[in-house]
Amino acid sequence: MLEGRNLSFRYHPKKDWILKNISLTVSPGQVIGLKGMSGEGKTTLGKIMAGYLRPDSGFIQVDKYPLPKKGVSPVQMIFQHPELSVNPKWRIHKILSEGIAGNQTLLMDEFGLSPSFLNRYPHELSGGELQRIVIGRSLGKDTRYLIADEITAMLDAITQAQIWHTIMTSIKKRNIGVLAISHDENLLNRICDDCLHIRDLNN
Amino acid sequence: MLSVHQLSVRFTSYETGLKKKETLVTSDLELAVEKGQVVAVAGSSGSGKSLLAHAILGILPGNARVSGEIMFKGTPVTPKRQIKIRGKEMALIPQSIGCLDPLMRIGKQITRAGILSGIEKNKVRVTNILRRYGLPDHTANMFPFQLSGGMARRVLLATATVGKADLIIADEPIHGLHEEVASDILSHLRELADQGKAILLITHDLSRSLLIADKVVVFYAGTTVEEASATAFSGEGKNLHHPYSRALWQALPQNGFFPVSGTQPVLDHLPEGCVFAPRCDKTKFICKIKRPPVMPTDGGFVRCFHA
Ligand SMILES: Nc1ncnc2c1ncn2[C@@H]1O[C@H](COP(=O)(O)OP(=O)(O)OP(=O)(O)O)[C@@H](O)[C@H]1O
Ligand SMILES: Nc1ncnc2c1ncn2[C@@H]1O[C@H](COP(=O)(O)OP(=O)(O)OP(=O)(O)O)[C@@H](O)[C@H]1O
Ligand code: SF4
Ligand SMILES: [Mg+2]
Ligand SMILES: [Mg+2]
C-alpha cells in the first residue's frame with residue numbers, strides 16, 4: 001500500500017498552506033483518480049507521494065516502509081509535460097535506459113512507436129510521442145506505484161485509449177497501484193476504481 | 001484570412017558516415033480559415049499539427065524544408081514576410097510551456113509580447129489580461145517555475161492575445177485545465193473570432209472544441225483526411241465521411257473508449273496507397289495502391305475512396 005499520512009505542505013514559510021493534513025492511500029492494483037481545479041495542489045501532492053518534495057509534516061510509506069533514499073524508487077511519477085522530464089541532450093535510447101533494462105524495441109512496439117525514434121533527440125518527437133517514451137520509462141521492473149499527472153491529455157483519443165488499455169493490462173498483471181490526476185471526468189470514470197477531489201481531502 | 005494548400009515539410013538529418021537522409025513528415029496538408037471563424041484541427045498525435053503551425057509562422061528548425069502554398073490575407077507567405085508579421089499580424093500560443101523564458105518574470109514577458117505586437121510600452125495592460133484568464137494579479141511577479149501547469153498555459157494565452165494579431169494559432173490551449181477555466185478560455189477565443197479575428201484551434205480535446213468551432217479539420221499521418229462541419233461530430237459519428245474521423249470520435253472516453261488496433265505509420269515509411277489503409281476496416285484493393293484524392297462533401301472535403 002502507498003500511504004500518505006497527515007501531509008501538510010507550503011512552498012514558503014510565509015506563504016499559504018497548499019496541502020493541509022491530507023491522508024491518502026493507494027492499494028496495489030488499484031486506480032485512484034484525483035481531480036481538482038488548476039492550482040489547487042494536485043501536482044504538489046503527487047510530488048510528495050513520489051518523494052520529489054518533502055512534506056512539512058506527515059509521512060509517506062510504501063508497503064509499510066519509508067521511501068528509499070537512493071536507488072530506483074518504487075514510486076514513479078509521470079508529469080503533465082514530458083519535455084521537462086527528459087534530458088534534452090540525450091537520445092531516446094539513453095533516456096529509456098534510465099528506467100528500462102530490457103528490450104527497448106519491444107517497448108516501442110507496445111506503445112505504438114517506431115524503433116527508429118530511439119536514435120532521435122526529444123525535440124525531434126511530437127509532444128504525444130515523447131510522452132509515450134516517458135510512460136514506458138516509468139514502467140521499469142521495480143515500479144510498484146505510478147503517479148500519473150495528466151499523462152494522456154496531450155494524446156489523441158485513439159492513442160489515449162490504446163495507452164490506457166496498455167497501462168491497465170500492465171498494472172493488473174504486475175499489481176501496480178496508480179494515482180491518476182486528470183481534469184477529464186470522462187476519462188477518470190473509465191479507468192478509476194475510486195475518484196477523489198483534492199478539495200475534499202484538504203482540511 | 002489563411003489558406004494552406006498541399007503543404008509538405010521535410011527534415012534532413014545526417015546519419016553515421018555523413019550520409020544525408022531526408023524524412024518527409026507532412027504531405028498534402030489542406031486547410032483554410034476565414035475572418036470570424038474558429039477552425040479546429042484534430043487528429044493523431046504526431047500527425048503534423050504543430051509543424052503546420054510552425055510552418056505558417058516560419059519558425060521551423062533550420063534543417064526543415066517546406067513546399068506547397070501558404071496564403072495570408074490574399075498574398076503568399078514568404079520567409080521575409082513571416083519575420084515581419086509574426087507576433088504582430090499572426091500570433092502563436094505554443095504547445096510547450098517550455099517556451100516561456102525561465103528567467104523572466106511573467107509580467108515582463110507579457111509586456112514584451114505586447115510591445116512586439118505593436119502596442120506602446122505603457123499601454124500594455126498586464127493586470128487586465130491576467131484577470132481575463134482568471135490569474136491572480138501577483139502572477140505578474142512570478143517566474144515560470146512557480147506556476148502550476150494550468151497557470152503556465154494561461155500565461156501563454158495571455159502573451160499571444162495581449163496584442164492585435166488577426167490570426168491566432170492556439171496549439172493545445174486548454175490542455176490540462178479544469179472545466180471552468182477551459183470553457184472560459186474557449187469562449188474568449190470565440191469572442192475574438194466574433195470580433196473579426198481568425199482562430200486556428202489545435203487540440204486533442206475534440207468534444208470541448210466543438211463548443212466553439214465552425215469547422216473541424218482532421219489530420220492523420222501528416223495528411224488532412226477530412227474537413228467537416230462541427231455538427232457532424234455527434235451521436236455515433238454517422239455524418240462523418242472518413243473512417244479515421246469516425247474512429248477518433250468513438251475513442252473518446254464518453255463515446256466508447258474504443259482503441260483501434262495498430263499504429264500510425266512511420267512517416268518516412270508511409271504506405272503507397274491510403275495512409276489509413278493498414279488500420280481501416282473498409283479497405284479495398286484500390287486503397288492499397290492509390291492515394292485517395294481530395295473529394296468535396298456536404299460539409300467540406302474527404303480523402304477516401306469509399307466515403
Ligand atoms: N516551485 C514553486 N514555488 C512556489 N509556488 C509553487 C511552486 N510550484 C507550485 N506552486 C504553487 O502551488 C500551487 C499548487 O500548484 P500545483 O502545481 O500543485 O497545482 P495543480 O493542482 O497541479 O494545478 P494544475 O491543474 O494547473 O496542474 C499553485 O498556486 C502554484 O502557484
Ligand atoms: N526536428 C524534427 N526532426 C525530425 N522529425 C520531426 C522533427 N520535429 C517533429 N518531427 C516529426 O514530425 C511529426 C509531426 O510532429 P508534430 O509535432 O507536428 O505532431 P503533432 O501533430 O503536433 O503531435 P502532438 O499532438 O503529439 O503534439 C512527428 O512524427 C515528429 O516525430
Ligand atoms: S481510402 Fe480505403 S483505406 Fe483509406 S480510409 Fe477510405 S476506405 Fe479506408
Ligand atoms: Mg498540475
Ligand atoms: Mg503538437
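Predicted model: local features only at pLDDT ≥ 70, side-chain atom pairs only at ≥ 80, totals over all residues.
**Where chain A meets chain B**

Between chain A and chain B, 11 residue pairs are in polar contact, both residues of each pair being at pLDDT 80 or more.

Which helices of chain A each supply at least two residues of the side that touches chain B? They are helix 4 (127-138), helix 5 (157-174) and helix 6 (185-191). Helix 5 of chain A gives the largest share of that side, with seven residues.

Now take the whole interface. On one side, 34 residues of chain A make contact; on the other, 37 residues of chain B do. Together the two chains bury about 2800 Å² between them. Carbon and sulfur atoms account for 59% of that area. Three residues deserve a look on chain A: Ser38(A), Ile158(A) and Arg190(A). They supply 21% of the area that chain A buries against chain B.

Next, turn to a surface patch on chain B. Find Phe285(B) in helix 9 of chain B, which covers residues 285-289. Is Phe285(B) buried or exposed? Phe285(B) counts as exposed because its relative accessible area is 63%, and the cut-off for exposed is over 50%. With Ile286(B) and Ile289(B), Phe285(B) forms a nonpolar surface patch of about 310 Å².

Key
Residues numbered from 1 in each chain as written. Chains lettered and ligands numbered in written order. Heavy atoms only, no water. Patch = residues over 30% accessible without salt bridge, like charges linked within 9 Å, V, L, I, M, F, W, Y side chains within 5 Å. Areas by Shrake-Rupley, 256 points an atom, 1.4 Å probe, with all protein chains shown as cover. Salt bridge = Lys/Arg side-chain N within 4 Å of Asp/Glu carboxyl O. Helix = DSSP H or I, 4+ residues; strand = E, 2+ residues; numbered from the N terminus. Buried < 20%, exposed > 50% of the residue type's maximum accessible area, 1.4 Å probe, protein only. Contact = heavy atoms within 4.5 Å. Buried area = accessible area lost by both parts, 1.4 Å probe. Polar contact = N/O pair within 3.5 Å; in protein donor to acceptor, adjacent residues only side chain to side chain.
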